[in-house]
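Colleague: I am new to this structure and would like to learn how to read it feature by feature. Could we begin with the terms and then turn to the cases?

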Amino acid sequence: MADPITAALAVGWGLQAVGWIASPIISEIFKKGSSFLGFDASKKLKELEPKVLLLERVMEAVEDSLDRPRLEQLFKDLKSAFYEAEDILDDVEYHRLEKQIQDGKLKSDGDSAIRWESGMSRHQLKSSFEKIEKVINDACAILERLNLPPVTDYNWRQVVPPNSRSAVTTAAPPLKVIGRDEDRDKIIAMLHDKECHGHESTNIGLCYSVIGIHGIAGSGKSTLAQYICDREKKDKEEEKDGHFDLVIWIHVSQKFDLQAIFTEVLEGATGKPFSEFKNRNTLRENLVKELRGKRILLVLDDVWYNIRDAGHQGELEQVLSPLEVAKTGTKILVTSRSKDALVALGAVGERCIPISDLNYDVFLQMFMHYALRGAVVPGHDGIKLQMLGDEIAKKLNRSPLAARTVGAQLCLRPNVEFWRRTRDRDLLNETMGALWWSYQHLDEQVRRCFAYCSIYPRRRRLKRNELVQLWMAEGFIKTTNAEEEPDGVGQDYFDELLSASFLQLAERKMEHGCEVDYFTVHDLLRDLAEEAAIGDCFKIDEGFRGEVPPDVRHIFVGSCDRKMLTEKIFQLQNLRTLIMDHALEIELTDVKFLESMFTRLQNLRVLVLRFNGLLDGGIFLLPASIGLLKHLRYFYFRLDAEMKLILPDSITKLYHIQLLDVAQASRMDFSGAKHMSHLINLRRVSPGLDFPNIGSLKWLQILQGFFVKNKLGYEIQQLKQLNKLEGRLAIMGLQNVRGKEEAIEASVAQKERVTELEFIWDDRSCSPEVEAEVLEGLCPPKYLEKLEIINYQGSTYPNWMVSKENGGPEHLRNLWLYKCSRLEPAPELFEVFVHLRWFRLWHSNWDALPDNMEQLTLLQVLDINHCPNIRLLPALPQSLEKFNLRAGNEEFTRSCETTGDPNWQKIQHIPHKTIRRV
């Protein structure tokens, strides 16, 4: 199998240039600026079209040409001119919004024509367009020296149809592992080989031994380890003979942190999150306590090792040191690109296992599985696809990752002609060539989104919505008509990348009773993303002392000091993205520090800042110069300190802003809140940012909290038009709603994207009868997953909670009743909400749980807290995984702990039980 770096270099930079030049980017920027400069865009583009096609041919043929250095510079110049034109147009759009707001005519982006406010802007844009045209002309002049055949057919290059995204499916098929059963069984036999416990290792006398899998990126090492890990977890759950007491999976990666790994192992051993250990010795002591005397399978995935670094082996050995107290028979399963890493950890001889190349017939079976996804193409076409599939598979060098990525593209177009063209492509000779080919078949905007992912550290776990929000802020998402929402198009981009395996589901976690998905980019595809983004994206890791490329547009800072920021990063005036993943210690000079940042980096579209520590006086002032960031769309400011944050009025002049998250401070002072309605493009806002007239922000998606007040601009009717809201929404101050009709005005049922709702009464100034009316009027959307009702003093349930015929959520998963002291048990709840996973009853006067609870066959968590009248449990569903009882009736509590008691018997099938008296 070819080395991926060699393959990447063989493909070369030319492909990146071809894809960028052939994309709609240039035509879009000309069309957008044509009305401002008074020329016919279609005529100009018709003149440029043959030149762009010729330029594509130049870029494809230039790999070994003496003209390559000059063309590389021309390509850089072309991108620079494009970015410059885009910035000028964005500046003009800003002034349009400013004028609309001053005139009192608030409209969102694109609702009216842009008028020029500055002759200088017109001159600058004309100059940028002239640069673009000159670069294209200069590059095409080189064609004569390359002796390429003339282009007579402008349709020679096959492109992806604009509507191809509609064929992409969002539901990934079940995980299927093909051709690894023999490897799996061999390694499982080693894991349970009692004669070798602690002896087939260089660590003679220890209670553990090491088994390792090594091979190049994308060869299936992690998949095989996951296959084995899944089998061992099932054996543990079924308590089969010889099962491990703990099965723990840790991803190590190139830049690993020992404290982070110890924390992950501790979390894996206990099933609980830990963040309080600041001292590594204390953390290690707690870890040793949890591992002592247990037989453990620890999987260390993707271990990197530098044999030339004398200290690296010692660091790897420290990772295993807590396992010295484990039970004999403990095993460590390691995956790595390097055999040296396995040897350094103690694997020797036959326990250093190279990932086996798949037999071609098995590989073909795998490839056709991805290419057809089980579909049967009837007749002669089906036979042809099988034959073509065989020919394509032979070009992929039996790379599992190439099979998945190329197969995913073929799956979208199961027709003979497309598969035949695929077979004839030269790029399929090497693994990276195949991946580049699949990348080229993505829509250009999708390619930009994927390349942007390279800004993050390797194997970084990414959330879908956060990534889409960043793509929007960078301007990567393009809509084709007025009805399309950028967010929806961004979700389509994400699904396309997921379907084509450019993004992969890394983990699905339960967080606060709801499932949360985390995604990652596979290592080999990550190499491709870095190639695609070269020159645009840059990362600064711990220990970096080099130079930052002067033309870079997007920077991720993993570790940095103020000197590097001020001397290097603040000089990058074209910078569009600055993500500070590393928190800076707060200093007295931070106002001047931020002043310098905001003054110099005025082209920023994305800014993520993190600070921690404490200043005398406990005040952190965000300078007014933030208002200079006219292009800013994404501003995340985290202040991990007990300090008061003062926000300047100039924030309300960030008319392009889409995400504004500044809510980490314990207190906030914002005198400009009354003008927040000017931010008409705002989509996501901090939960702690309190301002009136929120109903005017029609694009708002993430609000999290809304406080109803007896004050103009804070009425519950402000929520009426905000039907794009999604995720979590807490409606507080419900005592200020005067009845059912007012509650209905909030149109809660129309907010179909809201998945978590909290209804909160903050005091008892409202009568129980009115509260009942209000709750009746707050009928949630049918897709709601989580509902919390807090401090409700009504004595009746709304009809939508106790009757299926009255609307309400159809698949509620999590229900929490907190301090609803007048409510009595209602069996109807569990007839309506039959899909519950969590049920929490806190501070309630219920005297019993309903007898029909056993029918909740999906219920996983039952949480009873401060319910003194409950004394007897009904039959509980077998699906329960956790039972929590706290501060209940003493007799009832004791009965749940007493062996043989009926209450004790009813919870014996539940794996995790927590019973506390306070």
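Modeller: Let us start with burial: a residue is called buried under 20% relative accessible area, exposed over 50%, and partly exposed in between, with a 1.4 Å probe and protein chains only as cover. Isoleucine 136, at 0% relative accessibility, therefore counts as buried. This is a predicted model, in which local features need pLDDT of at least 70 and side-chain atom pairs count only at pLDDT 80 or more, while totals for chains, interfaces and linings use all residues. Residues are numbered from 1 along each chain as its sequence is written, and side-chain values use heavy atoms, with hydrogens and water left out.

Colleague: Where does isoleucine 136 sit?

Modeller: Helices (H or I, at least four residues) and strands (E, at least two) are DSSP runs numbered from the N terminus, and isoleucine 136 belongs to helix α6, residues 119–141.

Colleague: How should I read the pairing of strands, and which strand pairs with β20 over 6 bridges?

Modeller: Two strands pair if DSSP finds at least two bridges between them. Strand β21 (residues 753–760) is the partner that pairs with β20 over 6 bridges, in the parallel sense, and arginine 728 stands opposite glutamate 756 in β21. Strand β20 (residues 726–732) is also joined by 4 bridges to strand β19 (residues 704–707), again running parallel, while β21 pairs in the parallel sense with strand β22 (residues 786–790) over 5 bridges. Glutamate 756 stands opposite lysine 786 in β22, and strand β21 is mostly covered, with 6 of its 8 residues buried.

Colleague: How do I read a salt bridge, and how many does a search of the whole structure find?

Modeller: Side chains of opposite charge can pair when their charged atoms come close. The criterion is a side-chain nitrogen of Lys or Arg within 4 Å of a carboxyl oxygen of Asp or Glu, and a search of the whole structure finds 40 salt bridges. One of them links arginine 917 with glutamate 897, the closest N and O atoms being 2.8 Å apart. Arginine 917 lies in the segment after β27 (912–916) and glutamate 897 in helix α29, so this pair ties together parts that are 20 residues apart in sequence. Arginine 917 is partly exposed at 40% relative accessibility, and glutamate 897 is partly exposed at 37%.

Colleague: Which residues are linked in a network of salt bridges?

Modeller: Asp87, Asp90, Arg576, Arg605 and Arg633 are linked in such a network. Another salt bridge joins aspartate 185 and arginine 184, with their closest N and O atoms 3.1 Å apart; aspartate 185 is partly exposed at 39% relative accessible area, whereas arginine 184 is buried at 15%.
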